[in-house]
Amino acid sequence: MRNHVIDEITKLAANDKRIMLVTADLGFNVVEKFQESYPDRYINTGIAEQNMAAVSAGLALEGNMVFAYSIGNFPTLRCIEQIRNLICYHNANVKILAVGGGFAYGSLGMTHHATEDIAMMRSLPNMKVYVPADAVEAVACLRDLCKYDGPAYLRMARGREDNIHLSKEKIDVSKCIALKSVSEDVNIFVSGTVAAEAVKLQKMIEGYGLGCGLYTVPRIKPIDYKSISEIALSSKYILTLEEHNIVGGLGGSIAEVISDLPKHGVLMRYGLQDIYTSEVGNQNYLRDFYGLSAEKVFIDFKAKVSK
């Protein structure tokens, strides 16, 4: 995913001289193509993410479109004050690229588990938030956020994630994307690469005898209010799945949408239950440990609907 995004930025930069890439001494074996192609539009600020955010804001206010790249929590939580005061307050044209969302850097421990980033970015005025499920969605998200001047956050995976879409599939990331059309029984909304678990979960629920729709939500802010409302009105059960705290992420966003409706199905939010992740392990291990694997979600769902 990250390679596809940087390659696309490099292509776009050929025709858009505003595009700059700023890193904080990270991204090696990923950003070199851009660096070599446009050395005068590439800046490495060193291991200083707060400076990276401040420099990016200044460059953007001079008329550039700046992409600020680092891993996990570093370009977001580490420099939240600079993002709030220098980027979002001034509506600066800075696009924050975070690689390794969720448990992608699972073996490095809680400091590298990006599990509150969506909530933090989503709470900032002027900030748009994108959480693609695969490389196809990631490139589509990038193209969408380049259409306007202003802050955006793109949360990426490390790479080698499962493909959800066909490589040449055209998608509109401003909408919920149907992988399986709406059902009157159960509908699942998912963001990020944990969508691979949602695909398995959808099949498990259908095997249990219930109809089950499945939708990815690549753009969480602004969210597809209309589609979510329509689906929620016709559903018995609404499930959200995310590799993030259920507070403020996809589940929180959808809870806000359906709270405005006169009626809706039962909402079940699957993600981190407002806890820190002290466990260490690879991404699949942590998904299962914290109840985000298809198997664990299905066990919990069955227990709830059988009561």
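## A charge over a ring

Let's start with Arg 78, whose charged end sits over the ring of Phe 74, 4.3 Å from the ring centre. Likewise, the charged end of Arg 41 sits over the ring of Tyr 38, at 4.4 Å from its centre. A charge counts as over a ring if NZ of Lys or CZ of Arg is within 6 Å of the ring centre and within 35 degrees of the ring normal.

## About the model

This is a predicted model, where local features need pLDDT of at least 70 and side-chain atom pairs count only at pLDDT 80 or more, while totals for chains, interfaces and linings use all residues. Residues are numbered from 1 along each chain as its sequence is written, and side-chain values use heavy atoms, leaving out hydrogens and water.

## Rings that pair up

The structure holds 7 aromatic pairs. One of them joins Phe 103 and Tyr 290, which are stacked at 5.8 Å centre to centre with 25° between the planes. Rings of Phe, Tyr and Trp (its six-membered ring) pair if their centres lie within 6.5 Å; planes under 30 degrees apart count as stacked, over 60 as edge-to-face and the rest as tilted.

Are Phe 103 and Tyr 290 buried or exposed? Both Phe 103 and Tyr 290 are buried, a word for under 20% relative accessible area, with exposed being over 50% and partly exposed in between (1.4 Å probe, protein chains only). Phe 103 and Tyr 290 also belong to one aromatic cluster, together with Tyr 285 and Phe 289.
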